[in-house]
Amino acid sequence: MTDWAIAVTPPGWRQWLLAETPHSRLQARLSRAYLNWIAFTRNPLAMLGLAMFLVLIFFAAFAPLVTAHSPIEGDLAARLLPPGGEHWLGTDQQGRDIWSRIVYGSRTTLIIIFMVAITAAPIGIVIGTTAGYVGGWVEGALMRVTDAFLAFPKLVLALAFAAALGAGIENAILAIALTSWPPYARIARAETLTVRGTDYVAAARISGASALRILVGHIMPMCMPSLIVRVSLDMAGVILIAAGLGFLGLGVAPPQPEWGQMVSDGRAQILEQWWVCTFPGIAIFIVSLGFNLIGDGLRDVLDPREG
Amino acid sequence: MKSLLRLLGSVATTLLGLLLVTFIISRFLPADPVLAVVGDHASESTIQAARVRLGLDQPIIVQFWLYIKHVLQGDLGLSIRTGLPISQELLRVFPATLELATLGVIIGIIFGIPLGVWSAVRKDSMVDHLVRFFGLIGYSVPIFWLGLMGLLVFYAKLDWLPGPGRLDFGYEEMITPVTGLMTVDTLIAGDMDLFKNALAHLILPASLLGYFSLAYISRMTRSLMLGQLRQEYILTARVKGVSERRVIWGHAMRNILVPLLTVIALSYGNLLEGSVLTETVFAWRGLGLYITDSIFGQDMPAVLGGTVVVGIIYIFINALTDVAYRLLDPRAK
């Protein structure tokens, strides 16, 4: 076992993090996280996933440095060039460099998953904690609404929302977020039910804290860890749904590069110019695989039962 | 009996919620339902007449009630593109999806369960890693892209399989739909060549969906199987000399059959989702292609009609699984 993760930690920190008897809640929590991180690093596939994610971020951040051509302006004299030479992944029907479009497309992907995460998670947490804390008919109504959203296959509902809202990246994000929140609401409700009866919540209530204050200050923070894990597990699915919407023309507006749309653009000439729709699909696959590998690694660390 | 009533109640409330969601999409989102029906250049009086005809002059709660009533009567409105009742069109395209998804889930079961068991029995071996990774690829690959690649390789390059569509070009008029399932209809027509043609067209899209269902089924089988193999009764059986094959397939398998049924039903429901993109790639005239074609045709009532039907099928599958669970698992009684 390599355990380079332990080796690269400065000795002082390591001692503090691995202390048998933590002296503060913070130390205990960080120590727990550190042990999880070490377990995570022992999983080569999970580390591969993490590496894929870091590469994605690198390309998105330094897109102009790793590309030589514009992702938007095409060279009509260089239409549909096969891979090799100056355009190492070839060019599309408008003479745009496919590598450049894939690299810039990573920004679109990152924006979508980030925006979906910060939109869907808050919806879920507000609905779930409110249902769990208030109880009664409010809980019944909110959870029935949650069930109703779960009664659709995600992609189909996202399609309906996106079709009604119209094409565009904001609408695609909204459509995906509107279909992604129900599991988060369920998790938040379950967590709320376990902390609702605890003494510290009772103490807060007796000392006169309003329901809103208890929800925001004392209950929501307790839901965060499991929610963050679940959100990161869902990201691969979000990427595939976003790509599916893009493929159906409901993603970003052209000429902005988006991988799903690029696959769709290449469909017409797939038999002669296979590279136009092959490479963007590989990009979607790699990034989604990366997130799935991270997710599997996280699950192994946090829920050892699956083994 | 009491639990059955409770199940019916939960189906009814979920259905109500589902209709509320589609109702909200149809009434509150930017696309104006009246303009969608009469077009952009209609006169004021036409618009007013359409409002009354669609019931849009009523209070919103009455509108919702009318909407529920219509859907329960099987009335999903008229398609803007064709002017035909949407429910009639959905009925026409549904068998194509049923045929595809059923064959897909059968492929998923045939390969997924043995792979999952194999992977669980050889936990942490090379086989286990390979099966898990193969499944993970299924979770990660965009289905529409894999479909295009399949067409590129098996149709365009190798010429082993036919291209998109349910039959070769021009053949579809030769078959009168009876069941709507192309393989069955060609058999009824007694034309073996057409039957083979229909089957050949099914192979690629069904294998594609089968792969996705395999990824899910093998993963869940592995996890369920591991849970059983840790139990003491397995140890007892092994100690008393029961053959490994009987321990796995006779003892452990028996105990995971019921939860496995839920997994299979869920994967059947998920194939409805997968079929939307698969049908688009393979020009397969089913429910999924109907929905995406309606999106391109700006036919919002048809999109929502298709969405409602998919949702209802989904609820129905879940309820059916619940009933089966109660019947098969004595502990659930």
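With 13 C-beta neighbours inside 10 Å, Gln298(B) counts as partly exposed; buried means 20 or more other C-beta atoms within 10 Å of a residue's own, exposed 12 or fewer, and partly exposed in between, with C-beta atoms placed from the backbone. This is a predicted model: local features need pLDDT of at least 70, side-chain atom pairs count only at pLDDT 80 or more, and totals for chains, interfaces and linings use all residues. Residues are numbered from 1 along each chain as its sequence is written, while chains are lettered from A and ligands numbered from 1 in the order in which they are written.

Stay with Gln298(B). Its phi is near 55 degrees, a positive value in a residue other than glycine. Gln298(B) sits in the loop between H12 and H13 of chain B. Helices (H or I, at least four residues) and strands (E, at least two) are DSSP runs, numbered from the N terminus.

Asp159(B) also has a positive phi, near 60 degrees. The loop between H7 and helix H8 (182-188) of chain B holds Asp159(B). Asp159(B) has 9 C-beta neighbours inside 10 Å, so it counts as exposed.

Chain A has a cis peptide bond. It joins Pro254(A) and Pro255(A), with omega about 10 degrees. Pro255(A) lies in the loop between helix H11 (211-247) and helix H12 (259-266) of chain A. Most peptide bonds are trans.

Now the contact between the chains. It takes 43 residues from chain B and 41 residues from chain A; two residues are in contact if their C-beta atoms, placed from the backbone, lie within 7 Å. On the side of chain B that touches chain A, H13(B) gives the largest share, 8 residues.
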